[in-house]
Amino acid sequence: MTDEQYMQRALALALQAEGNTSPNPMVGCVIVDDDGNIVGEGYHHKAGEAHAEVNALAEAKQLARGATAYVTLEPCAHYGRTGPCCVALARAAIKKVVVACTDPNPQVAGQGLQYLRLQGIEVVTGVCEKQALRLNERFFTWITKRRPFISLKYAMTLDGKIAARTGDSKWITGEEARTFAHRLRRAHDAVLVGAGTVLADDPELTTRMVEGKNPVRVVLDGRLRLSLTAAVLNPAADTLIFTGLAADAVKADALNALPNVEVVRLPLIEGKLPVSQVIDELARRGITSLLVEGGGAVHGAFRDAGLADRVYAFIAPKIIGGSKACTPVGGAGCAFIEDGWLLEQVEARQLGPDFLVTGLVPKEAE
């Protein structure tokens with residue numbers, strides 16, 4: 001097997017913990033002896049638990065001596081809830097470490113690689129780097145920008161509608177696409193919608209179609225229109241409701257009395273909640289990634305504010321028409337075509353009868 005093949009295995013291991021490691025990255029490690037045999041494997045299962053390298057070394061035991069370790073992210077060099085992995089690798093007498101990408105965390109940022117080299121260990125970097133950067137794009141944004149990685153997600157028909165003219169929107173896409181969307185919820189710390197979506201669809205915003213944790217539910221409701229019996233208020237997950245300073249105090253108190261609900265007040269700007277301040281508040285609470293599942297108005301607000309990192313567009317091969325049918329991104333929009341976002345690193349895949357197109361928002365859009 002090649003370095004790339006061993007690293008692909010390490011990346012696959014890392015992905016098994018998707019949704020469970022925040023605020024830490026997903027990391028996988030494969031240890032290979034001189035004969036090319038895999039003698040140890042491991043990944044970081046959950047924040048606070050042993051790191052990938054430690055788990056792989058525990059499986060390899062004495063066979064780690066003189067072996068090569070393939071790690072999807074630079075081994076950590078600091079003491080946190082666990083010890084530094086670069087030290088663990090050196091103590092196990094690993095002779096070579098192959099790393100997919102470096103860690104921008106200031107507590108690491110090249111220090112792990114430097115330590116390994118000082119111990120006489122050969123270090124190779126950049127193997128499957130693109131895939132490793134994609135794997136932990138949410139973590140890297142959190143570390144470098146100190147705000148959540150923001151994904152805009154919507155499902156639309158082939159003619160660009162997210163609902164019929166009556167408001168009916170169940171279901172635009174099929175079960176495979178909806179299951180994938182629930183995987184996206186699991187992968188993010190929080191999911192956000194507007195009050196209009198809650199009033200129209202009464203969603204739970206959980207990961208009920210897949211196994212795994214539920215995200216924190218965030219609702220933008222400037223006038224506090226939510227019903228106290230809304231499904232988004234059920235005890236399946238925590239819920240943050242952002243509203244205006246002048247919203248009904250009695251209703252706010254009733255919502256705050258629910259065990260899993262908190263109302264956060266912000267000043268409205270031109271009658272709307274400023275999404276930049278919402279993001280600042282989520283960052284203050286340690287939310288490292290956010291999936292925005294709002295309607296056109298909410299997506300438009302994020303687009304106009306330049307607050308998005310990736311777009312997930314699910315497209316169903318249906319045409320429903322209607323000049324008054326809703327579209328996925330509203331707001332002020334662009335005055336000229338050339339000002340639109342041209343997504344980068346675009347990927348496309350088929351999910352049952354539907355299609356998913358995803359790509360990164362260009363950096364200059366911020």
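Reader: Does Lys153 count as buried or exposed?
Author: This is a predicted model, in which local features need pLDDT of at least 70, side-chain atom pairs count only at pLDDT 80 or more, and totals for chains, interfaces and linings use all residues. Residues are numbered from 1 along each chain as its sequence is written, and side-chain values use heavy atoms, with hydrogens and water left out. Buried means under 20% relative accessible area, exposed over 50%, and partly exposed in between (1.4 Å probe, protein chains only). Because its relative accessibility is 13%, Lys153 counts as buried.

Reader: Which residue meets Lys153 in a salt bridge?
Author: A salt bridge is a side-chain nitrogen of Lys or Arg within 4 Å of a carboxyl oxygen of Asp or Glu. The partner of Lys153 sits at 3.7 Å, N to O, and it counts as buried, at 11% relative accessibility. That partner is Glu293.

Reader: How far apart in sequence are the parts that Lys153 and Glu293 tie together?
Author: Helices (H or I, at least four residues) and strands (E, at least two) are DSSP runs, numbered from the N terminus. Lys153 lies in strand β6 (residues 149–157), whereas Glu293 lies in the loop between β11 (289–292) and α11, so the parts tied together are apart in sequence by 140 residues.

Reader: How many salt bridges does a search of the whole structure find?
Author: Side chains of opposite charge can pair when their charged atoms come close. Arg310 is in strand β12 (residues 310–316) and Glu137 in helix α6 (residues 137–145), 173 residues apart. In the whole structure, the number of salt bridges found is 13.

Reader: Which residues are linked with Arg310 in a network of salt bridges?
Author: Arg310 is buried at 0% relative accessibility, and Glu137 is buried at 7%. Salt bridges link Arg310 in a network with Arg134, Glu137 and Glu347.

Reader: What is the relative accessible area of Lys145?
Author: Lys145 forms a salt bridge with Asp309, the closest N and O atoms being 3.9 Å apart. Asp309 is buried, with a relative accessible area of 7%. Lys145 is partly exposed, and its relative accessible area is 37%.

Reader: Which strands stand at the edges of the nine-stranded sheet?
Author: Two strands pair if DSSP finds at least two bridges between them. The sheet is open and mixed, in the order β10-β9-β8-β7-β11-β6-β12-β14-β13. An edge strand has a single partner, so one side of it is left without a neighbour in the sheet; these strands are β10 (261–266) and β13 (344–351).

Reader: At about what angle does helix α7 run to β12?
Author: Axes are lines fitted to C-alpha atoms, for helices over the stretch in contact (heavy atoms within 4.5 Å), and angles run from 0 to 180 degrees between N-to-C directions. Helix α7 (residues 175–187) lies across β6, β11, β12, β13 and β14. Its angle to β12 is about 165 degrees.
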